[in-house]
Amino acid sequence: MRRALVLWAAVIGCGGTPPASSSGTETTTGSATTDTPTSTGATGTTTAAPTTGETLAPGECASPIEPVLLTSARVSLDAAGRMHDELGRDVLLRGVNTGGRSKWAPFVPFPIDAEIEQAAFAAAAEQFFARLPPWGINVVRLLFSWEALEPTPGQYDARYLDRYAAMVDAAWSHGLRVVVDFHQDIYTSTYCGDGFPPWTLPQDPPPQQHACPDADWGLKYVFDGDVQAAFDRFWADEDGLQAQFLAMWGQMIARVGDHPGVVGLEILNEPGSGTATDIAAWKQDTLNPFHSMVIAALREQAGEELLILFDNPGVDAVGLQPVEHVRPEGEGIVYAAHMYDAGLVKGMPSIGMMPEPYLDQVADFAAEEGLGVLIGEYGVVAGTAGGPAWLGRALDHMDARRLSSTLWECSQNEVLWNEEDLSVLGADGSERAELDVFVRPYLRAVAGTDSAFAWAEPTATASWTGDGGVSEIALPPRRFADAALDIELTTLAGPEGACWTLDPSRGELRVQAPAGAQVEVRVTVDE
């Protein structure tokens, strides 16, 4: 039998008991708004059953569910690649890349004086990351540069490591997990790119500096002989470059690998194929063995707890050719594929690369191979016609397939890197319209199985079979802090006793469902 309780009360009280039915049937009514926060500020890593002992019809908890405060960002993967937090909940990671401004000196995602003292830098990092939780996100992909870390061979920049660690501190202090991402584009700054140090290039004759900025930088992977030669040199491990690469990673792991806020390590952003033209064969013969080797080496240095993420060459991300999906060896691995429409990423009309088929390919492959998925990059140029609709479709399908992701990108760019303009922040730090699409509800943590979620504005619908723990639906304060919400919790099958607590200050609806209870939650913005 379908059993539901819809609450309609003018003001929610934290300890309020759902009103009794006036009709004597199994369905009663009342109201819910977010005008008065229901959080008591209580803390804890888990909660006891939120009822007073009697079995209640689904509704607001008689005693509020406390916030679930995790001690670590770590997640584990099950056999199907689902991510689980320290409480065993199925979690979805949704966040942003931070970001384009990190690609050149001083290699951080917000403007600073290059010589700023460490205490002042930490304060600037705190200010930057503090603005992100109201967007409802719970992860950042935090770029780092080998050029910044090791400007000369064997000499590591302690100040850069201090600054990177301060950003990890600031992010985790706001509940944001950190993916440590070695980021490169077209190999190095010598070619208007970023990532690898110029000293890794052949030095006889000295490499020629290209004219920068270059709005068509991505074409260099295919047409620039210098860029191709640099990658060929790296894949051939000339002069022991790969050992130096692993030593560089060792420095990062030694500094932040045991930080409780770090969830994973991403090997190498958008690796170039050099002079290889058969990308599928190159991935099988060169890239995949490299990934397998690095995964084993990182496991030896960092242990088993952290996720290790791997990516494809950039040409795979833009929908211009079929993608060969390849699994490296190892466990605890996440497929961090990228996804762009080749037109929208340049501020031009779409080429028709719709996100759903590509996301299905990635999700199906990962599930078959026991890989996690985090779509490491996707986005559109700010203000591009058709961009918001494409972004909304991408997010809809990520919800449907329960795929984690990080949007490209969020940084404050006083000067655009190679004229690339995908940040959700303006040069002055103002928020751009694309955030109105990106900031939306999602099913962040599920204590149970068989989950589903959809956001069809103005209603978010979530369902799962509970295991007795606390599930979370993100309701980002940027969008919902002052919204009036109608909340309907329904027990579709199994034991009664499910209830919810709305916490506008944290931007979440917490739901506790008894083990075996199949529940559905509908949250509607009352317009």
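Reply: Helices (H or I, at least four residues) and strands (E, at least two) are DSSP runs, numbered from the N terminus. This is a predicted model: local features need pLDDT of at least 70, side-chain atom pairs count only at pLDDT 80 or more, and totals for chains, interfaces and linings use all residues. Residues are numbered from 1 along each chain as its sequence is written, and side-chain values use heavy atoms, with hydrogens and water left out.

Now the helix itself. H3 covers residues 158–173, and its 16 residues should span 22 Å at 1.5 Å a residue; the end C-alpha atoms are 22 Å apart, which agrees. That expected span is 1.5 Å times one less than the number of residues. Asp157 caps the N-terminal end: a side-chain oxygen lies 3.0 Å from the backbone nitrogen of Arg159.

Buried residues (under 20% relative accessible area, 1.4 Å probe, protein chains only) in H3 include Tyr160, Leu161, Arg163, Tyr164 and Trp172. Helices H1, H2 and H6 are part of what covers the buried residues of H3. Strands E8, E9 and E10 are also among the cover.

Gly175 leads on to a pocket. The second largest pocket holds about 510 Å³ of space. It is lined by 22 residues, with His174, Gly175, Arg444, Arg506 and Glu508 closest to its centre. A pocket is an open set of points on a 1 Å grid over the protein atoms alone, where a 1.4 Å probe fits, with protein on both sides within 12 Å along at least five of seven lines; lining residues have an atom within 4 Å of a point. The volume is the space filled by probe spheres set on the points. The lining divides into eleven nonpolar, five polar and six charged residues; Asp, Glu, Lys and Arg count as charged, and Gly as polar.

A polar contact of 2.5 Å joins its side chain to that of Arg510. Such a contact is a pair of N or O atoms within 3.5 Å, one able to donate a hydrogen and the other to accept it. Arg510 lies in strand E23, residues 508–512. Arg510 is buried, with a relative accessible area of 1%. Its side chain also reaches the backbone oxygen of Glu66 at 3.4 Å. Beyond four places in sequence, the contacts of Arg510 (heavy atoms within 4.5 Å) include Ile65, Pro67, Val470, Trp500 and Asp503.

Methods
Buried means under 20% relative accessible area, exposed over 50%, partly exposed in between (1.4 Å probe, protein chains only).
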